[in-house]
Amino acid sequence: MTTSKMIKRGELANRSGCNLETIRYYEKIDLLKPPERTASGHRLYSRDDQARLGFILRGRDLGFSIGELKSLLTLVDSHDYSCGEVLELTDGHLASVRQKIIDLKKLERTLADVSAQCEGGDVPECPIIDALYGHKVVVPN
């Protein structure tokens, strides 16, 4: 591949907005393929490498786990996948996100109830502290 369109890791980090160490980590766990190297050992990233990093970053923004991204990229790398396979992985992720939303709403209700029991005055008794110690915990449905 011609090196004129290739960039070094620092430039890749700048262009993508991704931390240099994160790029190293993605290489280490095989989300990013090992890049080509110059004679002096500098890593060079192609347009395909840049696009793959963009895919990974967008996936992470959407909350896909590293494992889920590995599965998606394995499908993509095989060049033999169906939209149905991608949908199945995405639906699994969506179910996980929906469960997290349910859990967060329950957490919000619990914290709101505990906070509502606190008068916030100068007295040492505090229902928030009691709840954290496991006393008088009110868990709404």
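**Reading pockets, bridges and rings**

Author: Let's start with the pocket: the largest share of the lining of the largest pocket, three residues, comes from α3. This is a predicted model, in which local features need pLDDT of at least 70 and side-chain atom pairs count only at pLDDT 80 or more, while totals for chains, interfaces and linings use all residues. Residues are numbered from 1 along each chain as its sequence is written, and side-chain values use heavy atoms, with hydrogens and water left out.

Reader: Happy to start there. What counts as a pocket, and which residues line the largest pocket?

Author: The search uses a 1 Å grid over the protein atoms alone. A pocket is an open set of points where a 1.4 Å probe fits, with protein on both sides within 12 Å along at least five of seven lines; a cavity is a set from which the probe cannot get out. Lining residues have an atom within 4 Å of a point. Here the lining of the largest pocket is made of Lys33, Pro34, Asp48, Asp49, Arg52, Val76, Asp77 and His79. Two elements, α3 (47-61) and α4 (66-78), each give two or more residues to this lining. Such elements are DSSP runs numbered from the N terminus: helices are H or I with at least four residues, strands are E with at least two.

Reader: What is the volume of the largest pocket, and how many charged residues does its lining have?

Author: The volume is about 190 Å³; a volume here is the space filled by probe spheres set on the points, with grid points joined across faces, edges and corners. By class, the lining has five charged, two nonpolar and one polar residue. Asp, Glu, Lys and Arg count as charged; Ala, Val, Leu, Ile, Met, Phe, Trp, Tyr, Cys and Pro as nonpolar; the others, Gly among them, as polar.

Reader: How many salt bridges are there, and with which residues does Asp77 form them?

Author: A salt bridge is a side-chain nitrogen of Lys or Arg within 4 Å of a carboxyl oxygen of Asp or Glu. The whole structure has six salt bridges. One of them joins Asp77 to Lys33, at 3.8 Å from N to O. That pair ties together distant parts of the chain, 44 residues apart: Asp77 is in helix α4 and Lys33 in the loop between α2 and β2. Asp77 also bridges to Arg52, with the closest N and O atoms 2.8 Å apart. This pair again links distant parts of the chain, as Arg52 is in helix α3, 25 residues from Asp77.

Reader: How far apart along helix α2 are Arg24 and Glu21?

Author: Arg24 and Glu21 are three residues apart in helix α2 (residues 20-28), so about one helical turn separates them. They form a salt bridge whose closest N and O atoms are 2.2 Å apart. Elsewhere, Arg9, Glu27 and Arg43 are linked in a network of salt bridges.

Reader: Now the sheet. In what order do the strands run?

Author: Two strands pair if DSSP finds at least two bridges between them. Three strands form an open sheet in the order β1-β3-β2, with antiparallel pairing. β1 (7-8) and β2 (36-37) are the edge strands, each pairing on one side only. β2 pairs with β3 (residues 43-45) over two bridges, and Leu44 in β3 is the bridge partner of Glu36.

Reader: How do I read an aromatic pair, and how many does the structure hold?

Author: A pair of aromatic rings is described by the distance of the centres and the angle of the planes. Rings of Phe, Tyr and Trp (its six-membered ring) pair if their centres lie within 6.5 Å; planes under 30 degrees apart count as stacked, over 60 as edge-to-face and the rest as tilted. The structure holds one aromatic pair. The rings of Tyr25 and Tyr26 have centres 6.0 Å apart and planes at 45°, so the pair is tilted. Tyr26 is buried at 6% relative accessible area, and Tyr25 is partly exposed at 40%.

Reader: Last one: which phi do Asp30 and His79 have?

Author: Most residues other than glycine have a negative phi. Asp30 has a positive phi of about 70°, and His79 has a positive phi of about 55°. Asp30 is in the loop between α2 and β2 and is exposed at 59%. His79 is in the loop between α4 and α5 (83-116) and is exposed at 71%.

Note on methods: Buried means under 20% relative accessible area, exposed over 50%, partly exposed in between (1.4 Å probe, protein chains only).
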